[in-house]
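These are my notebook entries on a structure that is new to me. I set down what I looked up, in the order in which I looked.

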Amino acid sequence: MAVALGIDLGTTNSVAAIATPTGVELILGPRGERVHPSVVAFPASGGVVVGADAKRYRLSETAHVVHSAKRFIGQNMRAPLVQLALTGVRYKVIEGPNQQPIVSIRDRRMTMPEISSHVLLHLKRAAERQLGTQVKDAVVTVPANFTDAQRQATREAGRLAGLDVMRLINEPTAAALAYGFGRDTDEVVAVFDFGGGTFDVSILRIHGELFEVLASEGDFFLGGDDLDRALAESLAAECQRTLEVDPRPHAALMMKLMMGAEAIKIHLSDNDAAEGEIEGLDLPGGRVGVLPFALTRDQFEELIAGYVQRTIDVTRQVLNAAGIQPHQVAEVLCVGGSTRIPIVRRRLAELFGREPNISINPDEVVAQGAAIQAGSLTGTLTAGTGMGAHDAVATAAHSPLTHGARPPPIPPRRPVLMDVNPATLAIHTAGGYIERLLDKNAPIPIERTRIFTTSRDNQTRVEIDCCRGEKRRYAENEPLGTLLLDGLAPRPRGDLKIEVQFRVDADGILHVRASDQTSGQRQEAHLQVFGAPVGKP
Amino acid sequence: MSARIDVLLWAQRVVGRKVSSPYLLLDIPPGSDANVAQDAFHKIARMAHPDLHRNGLTPDELELVTTAYARAAAAYQEIRGRTPTVPPPRPVTVQPNRRETISPTGSPTGPTSDGSPITHAQAMSSKALIYYRKAELCLRRGDLSGAVLQLKMAIASDPRSAFLRSALSEVMAEVGK
């Protein structure tokens, strides 16, 4: 029987799971670890090292260790936020074809999908070791606000790892699936996903086996890494004061402070204060320094208050977009390691008037949801239209989430995910304005066709500039790419009928088609999105 | 087996419509609110979501069902109307370099600086546009004969617009069904 893997491909850590008849089983690393660092090292000694082992090269070979590749995958190298994110990494990134970022280590040039494919391959091999069988199919999760190019690039990473990616699903939706599968309720839930590198919040209506996303919003450059950096900056200031060295220009030194900051952050989730020293700081001039620190939870919360406020603002925004009042939300699900921070949970409780659900494992729930969807798509989760109770992977009794032992009143049916389009998609029309084709938060898959025409006599070509964003003027939105329809029959203006069709598929990937309907010669053009892998949809 | 036939028949009906109001696509009374549309769309999802048919249909059939589902999704979104599907008429006339393109007499104009396509709003005179918008509203309500009337009025005020003529013939074709 086909085994399909559910993979949460994270910015800092990845998790893989499979759905079995008795529940959802996690794929363990070589030393039994449940989460796998999304880190790929290319050590001077040769070879490629992935996961926990790769992390060990972070200090000795800082420039040869690629982390946070998810922040660059499918990105346009020229985007300002990408340039900003590049300041946070110590490996070299250059611009490649189609404006995509390329990792440059010694004489190797690697695309971001190639980097991520090493992580996926690592998980695939671990799964094959654990299950004793070949693994080919997978469902991979992506942040809800991932763009088209990012989704295409993630698919490409799967392909390079030898996986058949059946579906990309949004991380918050996967979490809701793991929570709601087999519960047979009709309720509205909020999923608050604050991970290592990205932040997403989705509002869903769970209606029996239907999981309808009502609205989703996020910030692609907001995560635990930013909190670490805020704390590391304050440690750097401390370092300058006590050791009289500014560590900011020194990559390895800052990395050490980042690692220290992460440890302090985690400590402060369970304790009111953290005190100690960061040892082994290699200072310029061959000195080795020790940086003492003392920080209370209140001080830490003050450092990160701006970031936390941003997550709450986005959550209000998404409630608005969904047309849902905070009190209508039956459950607030916390996903991602950063939701362990007490101030985050406190602010959520204030907003919704109820404590967030912390009974789920914020690190594993996304992979569990992906595994359930993978099982559903391969058909291993169901028998016919319904699923026998004994076959149920995650009925309440076997739920991967410890959430009461209420047996489902009827056997759960195959779950149906109804996700949404992450951003408004539009085309450039004469005059510098846009014409919206597909709205943000519209259900996917979705297809819409609009008819356009030429603006001057004997016009033989049209350029269809596609963009994503909510602004009315084209130039203020993010360009996606240009579709060229050439060789049109010369006709008076307004006489040609040019059909532009936008379709967003169930993976959230945009397909644009334009055709000239009038001349009879039905020619079509397809869009190549900036930052996406070259030469394939 | 009949579930398979049902979904294919439904998909064929949806994809076969050339011009249609979102209410017709969702099989609900014209003017229904977002809640009715949600229930109707959930019914469609339970029957026709492409994920449910990955293994039971041929690739061509699956494509047909996916297209139908994707169009029903657009209809649902339109009725929910979170954001206006038809953007308010934009002030094209304040764009000096574009003013000619909507001139009511339709006289040929100089070349434009780029090859961008133009929209409905730019394909007819501003007076015709008013009738065209009314026709769109009629269609949205499911009122086909009202739409025909408004389109004829639009053509009367801009007889040169090929766009309007083709819109009318599409609506007429739908009336004929």
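Predicted model: local features only at pLDDT ≥ 70, side-chain atom pairs only at ≥ 80, totals over all residues.

Entry on helix 7 of chain B. I looked up its buried residues and found B:F163, B:L164, B:A167 and B:V171. They cover an arc of only 95° around the axis, so they lie on the same side of helix 7 of chain B. I also checked the length of this helix, which runs over residues 162-175. Its 14 residues, at 1.5 Å a residue, should span 20 Å, and this agrees with the 20 Å between its end C-alpha atoms.

Entry on helices 5 and 6 of chain B. I looked up how their axes lie and found that they come within 8 Å and cross at roughly 170°. Because angles over 145 degrees count as roughly antiparallel, helix 5 of chain B is roughly antiparallel to helix 6 of chain B. I then listed the contact: helix 5 of chain B contributes residues including B:Y131, B:Y132 and B:L139, and helix 6 of chain B contributes residues including B:L151, B:M153 and B:A154. I recorded the residues of this contact as ten nonpolar, three polar and two charged.

Entry on A:P113. I located A:P113 in helix 3 (residues 112-131) of chain A. Is A:P113 buried or exposed? A:P113 has 24 other C-beta atoms within 10 Å and is therefore buried. I also looked up A:I102, which is eleven residues from A:P113 in sequence and 9.5 Å from A:P113 in space, C-alpha to C-alpha.

Conventions
Residues numbered from 1 in each chain as written. Chains lettered and ligands numbered in written order. Helix = DSSP H or I, 4+ residues; strand = E, 2+ residues; numbered from the N terminus. Expected span 1.5 Å × (residues − 1). Buried ≥ 20, exposed ≤ 12 C-beta atoms within 10 Å, placed from the backbone. Arc of directions from axis to C-beta. Axes fitted to C-alpha atoms, helices over the stretch in contact; angles between N-to-C directions. Parallel < 35°, antiparallel > 145°, perpendicular 65-115°, else oblique. Contact = placed C-beta atoms within 7 Å. Nonpolar A, V, L, I, M, F, W, Y, C, P; charged D, E, K, R; others polar.
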